[in-house]
Structure formats: C-alpha cells, structure tokens
Amino acid sequence: MENVLTKLTSPKWLREAISGRVRNLANSFNFSPFVIEREVAGEKHIFYIGNVTGKSWYNSRTDISPEMTMVGRELVRPGAIVFECGAHHGAQSILLSRWVGTGGKVVAIEPIPENVSILRKNIEINNLTNVLVVDRAVGSGRGHLSMAPNSNGSVRAGGKRTISVESITLDALAEELKIIPTFLKIDVEGYEYQVLEGARSILATTPAVFVEVHTPTLPRYGRKFEDLWKFIDPGKYDIFIQDEDFKEPEAYSPANVPSGRVHLFFRPRAATL
C-alpha cells in the first residue's frame, strides 16, 4: 500500500506512467519490426526496433541524452570493463561498446527473453565484438526471481502473470567471468538496493557507477532511497544527479532525498578511470 500511495502522490511518476501507456497504445497499431539510423550522445549507429516498447522509447533519429553524454565524458574510458544491469534492447550497450573500445568489454545483463533477442540483434547489426550478453537477472543472491514478462518488466512476488528467471549477484558474476568491472550501470526498475547488495566486493574497489533510481518503486521491495548509501560510500565519490530527462546533471548531496525517478552518477575521487 505504501508503494502505491508513493507513486500516486508523485506527479512525475503519474505523468510518465500515463504518457508511456498512451505512446504504447498509439504505436501498437499495425506494428512490425524495423531498423532506423540514430545518433545518440554523439554516436551514429543503426538500431533495430523490435517491439512496441522499442518504438515508444527509441524511435528518434537524434537524442542528445545528457545522461549518457555524462557517462561517456566522466565515467567510462577506453579499456573499461562495464557491467550493464538491465541492458534492455541495447540502446546504451552500443554506446558503451564504442567508448570502451577493443581493449574493453561490456557485459550486457538482461533477463527478459524478448529483450534478449532484440539486444542480440542490435549487437549483431552493429558488429559489436566486445559485448557479452548474460541472460539472467541480478540481485542479492543466486536462485530465481519472478518477473513481469513485459518489455520493461520488474521483479514481482510471483503469480500467473510472471515468468521465472535465473538470478545471480554481480560479485558472483565477476568471479565467474574472472573480471572486475570498473563501471557499473544499473537500471532495474526499483530493484537497485538488491543489486548493490550483491555487489559488495565490486563496490569495495570503488568503480564508477551510474544508477537509475526508481524512488517511488523502492518500497515495493522494502527499501527507501536512503538505504542505497549502505553500499556506496559518498566520501569516495563526486556525485551528480539528473532529476529530469534532458536536463544537464548537476552536483548532488546525499542529504537531499529525491521523490521521483532520477539518475545518479558516481565519479571516483582522485582516481584514473
């Protein structure tokens, strides 16, 4: 109930939820997959629009994307090892692949089967050789999680309208792959705390971090925004926030608690990325 009330009293969440449903409805008529040319954060590429959600989210020829521009400028360098949690259709995987270069690697983690298929298609048509797809969910432990099967599906308690997906912690995945990521990108629809909880060893190495925090959704999983600082030491980072899409990120203090969906950027202090 607390989660529902939090969302219903958030004007930003209501605006995004309503506009998203309207776009999906409009885009569903006579839809068939197609490929477009895009330029995002200065990177030109082709992109496979594989379902209605993809058309709603990615069917723009040009996207300045201040958040990804910030990532490319401040958080990722050639040779970086990236763990991308919630790769979706690969829109950011393409950018990250180019920025880390042939000496780096992008581990694109995505649990929803339809998304994985579209993600692999975008990797193929863009000839990305440094991207590894992991078709699992990430969280605080190994096992299985129930998820809504829709394109931006989130972790659920279970039931007929869910699918079961294998889950792993980021620490266990790093050990399995025998690599330590230098950059974490996390977009997991409110499951941020659990992902960070499963990355304690990685976070101890002070990687750069970019996380989309779904503040109104955190209570669904028994957490609140302030809980995230249990795993990320603000004293080790310069922190920035983007609290509105298309707005330039600005300096942030953990003392300020946002009420909506925000992007947080953690740039390690006195470190060479």
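Ring pairs join Phe-225, Trp-229, Tyr-237, Tyr-252 and Phe-266 into a cluster. Rings of Phe, Tyr and Trp, with the six-membered ring used for Trp, pair if their centres lie within 6.5 Å; planes under 30 degrees apart are stacked, over 60 edge-to-face, and the rest tilted. This is a predicted model, where local features need pLDDT of at least 70 and side-chain atom pairs count only at pLDDT 80 or more, while totals for chains, interfaces and linings use all residues. Residues are numbered from 1 along each chain as its sequence is written, and side-chain values use heavy atoms, with hydrogens and water left out.

Searching the whole structure gives 11 aromatic pairs. Among them, Trp-57 and Tyr-58 are edge-to-face, at 6.1 Å centre to centre and 80° between the planes. Trp-57 is partly exposed, at 36% relative accessible area, and Tyr-58 is buried, at 8%. Buried is under 20% relative accessible area, exposed over 50%, and partly exposed in between, with a 1.4 Å probe and protein chains only.

Next, the charges over rings. The charged end of Arg-223 sits over the ring of Tyr-193, 3.9 Å from its centre. Lys-121 has its charged end over the ring of Tyr-48, 5.8 Å from the centre. The rule is that NZ of Lys or CZ of Arg is within 6 Å of the ring centre and within 35 degrees of the ring normal.

Strand E1 (residues 34-40) and E2 pair in the antiparallel sense over seven bridges; two strands pair if DSSP finds at least two bridges between them. Strands are DSSP runs of E, at least two residues, numbered from the N terminus. Two residues lie between the strands of this hairpin, and Ala-41 takes a positive phi near 50°. In strand E2 (residues 43-49), five of the seven residues are buried.

Which residues line the largest cavity? They are Leu-196, Val-211, Val-213, Leu-228, Trp-229, Ile-232, Leu-264 and Phe-266. A cavity is a set of points on a 1 Å grid over the protein atoms alone where a 1.4 Å probe fits but cannot get out, and lining residues have an atom within 4 Å of a point. Strand E12 (208-214) and strand E15 (261-268) each supply at least two of the lining residues.

Terms used
On a 1 Å grid over the protein atoms alone, a cavity is a set of points where a 1.4 Å probe fits but cannot get out, and a pocket is an open set with protein on both sides within 12 Å along at least five of seven lines; lining residues have an atom within 4 Å of a point. Helices (H or I, at least four residues) and strands (E, at least two) are DSSP runs, numbered from the N terminus.
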